[in-house]
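Subject: Structure for you to look through

Hello,

Here is the structure I said I would pass on.

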Amino acid sequence: MAAAAGDGTVKPLQSAMKLANGAIELDTGNRPREAYTEYLRTIHYISQALLEEVETTKEARETVPPDTSKMLKLAQQCLERAQSTATKLGKTRLKPTMPAAAPIPQPAGRHRRVYSDEGGKLSPFLPPEIFQKLQGAESQSSKKELTPLEEASLQNQKLKAAYEARMARLDPSQAMQKTSLTLSLQRQMMENLVIAKAREETLQRKMEERRLRLQEAANRRFCSQVALTPEEREQRALYAAVLEYEQDHDWPKHWKAKLKRSPGDLSLVTSLVSHLLSLPDHPIAQLLRRLQCAVYSALYPAVSRAAAPAPGCCPPTPNPGSRRLRPSQSLHCMLSPPEPSAAPRSQDCPPTPPLQPGPVGPPSPLGDTASGLPDKDSSFEDLEQFLGTSERQGQGRGVQPEPQLQQLKSAVEEIHNAIDRLLSLTLLAFEGLNTAASKDRCLACIEEPFFSPLWPLLLALYRSVHRAREAALSRSMELYRNAPPTAIGIPTKLLPQNPEAKGAIGYPYCAAAQELGLLVLESCPQKKLECIVRTLRVICVCAEDYCPTPEATPQAGPQPIAAAAIGADDLLPILSFVVLRSGLPQLVSECAALEEFIHEGYLIGEEGYCLTSLQSALSYVELLPQGGLAK
């Protein structure tokens with residue numbers, strides 16, 4: 001902006017238009033934050049330029065320059081675009097920055113609202129019809145080429161406006177000229193319509209010929225002599241639509257040439273799929289939105305019935321002393337498990353006191369709790385026996401309602417089918433992606449935009465199915481939130497030997513608990529799994545920092561969990577302690593969903609090891625002995 005303002009040879013209007021064009025390019029390139037900044041910079045430049053012009057004209061006593069109205073109109077358009085861009089940015093909240101020593105928010109069992117305002121009203125999920133309108137807004141806003149008849153109609157409107165202007169300038173005595181102008185207008189308008197109709201018929205005939213030609217190509221690709229299933233027929237029609245799209249656009253040819261030149265470059269795969277799904281008029285992007293709407297419509301009734309309060313149940317009363325909840329980006333606060341209670345609730349349903357942060361504050365009755373915990377030397381000696389006990393106790397709590405389980409199985413199957421259809425159509429459109437590594441990368445790129453609007457609703461259904469397990473985990477988190485690390489089974493050698501001397505703030509492995517707390521802010525399975533891997537890596541770094549080994553040599557970059565200095569016997573109690581301090585009982589449902597939707601290739605590597613370790617820690621915390629606080 002400064003360069004444009006300082007150039008005396010360039011008019012302010014030209015500089016403002018150059019700034020506005022740059023903002024529009026950023027906006028169309030799916031970079032809303034940069035576009036928003038450029039719109040505001042353009043408005044600021046226009047206001048400064050107009051202010052300087054006002055000062056100049058006031059001194060010289062001249063009239064307002066003719067470019068002033070154009071610049072004001074340009075500023076108005078930039079302001080409207082900035083408002084729409086700000087609306088887009090408002091839907092994508094930034095991750096909250098977490099202070100180093102601040103404890104993770106306590107169990108989400110207290111968080112019973114998606115958004116909590118002064119009145120504590122519940123904001124439910126959007127109905128399917130509104131969700132469908134929001135998903136289709138981008139495709140409707142895309143530019144559409146005018147047909148020949150529409151172009152002729154615009155030309156006739158201009159002719160009519162010119163005719164009316166000329167008729168207004170003629171005197172009443174010039175009747176002959178008025179008649180001549182009227183006849184000339186009618187003739188020109190009729191000629192425009194006839195020519196446009198002939199052009200449109202020719203265009204429709206050519207389009208039909210092209211459609212039939214592309215349909216034959218799709219039939220040859222799908223072996224039309226064999227009886228096709230309805231899904232294959234739909235896939236063939238979509239492939240024909242892709243071929244028709246490629247006839248009107250050149251960018252698919254350029255991308256295919258790039259893939260042919262660099263078949264092993266996975267960054268090209270990421271860029272291609274991201275660009276493909278960002279175009280609302282592409283058949284694959286349209287299929288993505290249709291499948292999302294279908295899955296959302298299937299999930300919404302199940303979640304709505306599960307979230308409805310039982311008859312005669314009083315709603316939760318907010319504690320006047322507790323903090324108001326902020327909006328949750330991932331909507332993970334829906335369908336929280338019921339709060340644990342040793343005695344039955346009274347009829348007036350008194351509010352539940354808020355949980356206090358873990359290590360800070362006065363001592364709690366954990367002196368009795370520690371006696372009820374298992375011995376630290378035998379906590380994780382026999383993991384198989386422990387997991388078997390977990391399974392038997394989980395069965396003893398009662399079988400989940402059959403309708404919810406069936407709805408969850410149906411939704412999971414529908415999601416898998418939808419992702420398979422998107423992947424197969426993408427591989428049909430771009431044959432260069434048909435390799436093992438490219439398929440995996442393409443699948444990861446498809447899952448992120450697919451799950452982003454659906455994960456909150458899907459997680460709510462998982463939480464309704466795992467409500468009993470989350471309630472048990474929430475109860476353990478509440479009872480043992482102040483338990484010392486040694487009571488959970490962490491050896492003293494893996495704890496800070498002198499925290500005051502090292503300047504440590506908070507509790508041990510606080511950084512790992514903070515990293516695990518970021519998992520609920522993501523809405524893509526792959527990113528959630530990466531968060532779990534980072535959590536275990538942070539645990540290994542902290543353990544090595546607390547107990548450095550002389551023979552260990554530091555290595556640059558993140559190391560695999562298997563290559564860390566601590567083994568599974570030490571990792572599981574530390575991870576259980578981190579789970580307790582995270583205060584997130586919904587991790588049970590998150591891990592169950594991840595196990596279902598993560599690609600099987602990840603489950604046999606480092607990611608699968610980390611996920612299994614977290615599930616084992618969750619099961620152990622869920623089954624912690626609770627007799628210590630019975631009195």
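Predicted model: local features only at pLDDT ≥ 70, side-chain atom pairs only at ≥ 80, totals over all residues.

In helix H8, the buried residues are Gln235, Arg236, Leu238, Tyr239, Ala240, Val242, Leu243, Tyr245 and Glu246. Helix H8 itself covers residues 230-248, which makes 19 residues. From its first C-alpha to its last it reaches 28 Å, close to the 27 Å expected at 1.5 Å a residue.

Now the whole chain. The protein chain has 631 residues, and 39% of them are buried. Its secondary structure comes to 25 helices and zero strands. Of the contacts with a separation of 6 or more, 82% are between residues 24 or more positions apart.

How confident is the predictor? The average pLDDT of the protein chain is 74, and 67% of the residues score at least 70. Among the elements, helix H23 (residues 587-597) has the highest mean pLDDT, 93, while helix H12 (residues 366-372) has the lowest, 40. Two stretches should be read with this score in mind. Over residues 1-9 the pLDDT stays under 50, and the model has eight contacts for them beyond four places in sequence. Residues 310-400 also have a pLDDT below 50, and this stretch has 155 contacts in the model beyond near neighbours in sequence.

Next, a pair of helices. Helix H22 (residues 568-582) packs against helix H25 (residues 606-622) at an angle of about 65°, and their axes are 9 Å apart. The crossing of H22 and H25 is right-handed. On the H22 side, the contact is made by Ala568, Leu571, Leu572, Leu575, Ser576, Val579 and Leu580. On the H25 side, the residues are Tyr609, Ser613, Leu614, Ser616, Ala617, Leu618, Tyr620 and Val621. By type, the residues of this contact divide into 12 nonpolar, three polar and no charged.

Tyr509 lies in the loop between helix H19 (499-502) and helix H20 (510-517). Is Tyr509 buried or exposed? Its relative accessibility is 0%, so Tyr509 counts as buried. The phi of Tyr509 is near 60°, a positive value in a residue other than glycine.

Gln526 is found in helix H21 (residues 525-546). Gln526 counts as buried because its relative accessibility is 12%, and the cut-off for buried is under 20%. Which residues does Gln526 touch, leaving aside its neighbours within four places in sequence? Gln526 is in contact with Ile598 and Tyr602.

Asp67 lies in helix H4 (residues 67-91). With a relative accessibility of 23%, Asp67 counts as partly exposed. Leaving aside neighbours within four places in sequence, Asp67 is in contact with Lys11 and Leu13. Leu50 is 17 residues from Asp67 in sequence, and the two are 9.7 Å apart in space, C-alpha to C-alpha.

Ala298 has its place in helix H11 (residues 283-307). At 37% relative accessibility, Ala298 is also counted as partly exposed. In sequence, Ala298 and Pro128 are 170 residues apart; in space, they are 9.0 Å apart, C-alpha to C-alpha.

Regards

Notes. Residues numbered from 1 in each chain as written. Heavy atoms only, no water. Helix = DSSP H or I, 4+ residues; strand = E, 2+ residues; numbered from the N terminus. Expected span 1.5 Å × (residues − 1). Buried < 20%, exposed > 50% of the residue type's maximum accessible area, 1.4 Å probe, protein only. Axes fitted to C-alpha atoms, helices over the stretch in contact; angles between N-to-C directions. Left-handed = near helix turned anticlockwise from the far one by under 90°. Contact = heavy atoms within 4.5 Å. Nonpolar A, V, L, I, M, F, W, Y, C, P; charged D, E, K, R; others polar. pLDDT = per-residue confidence, 0-100.
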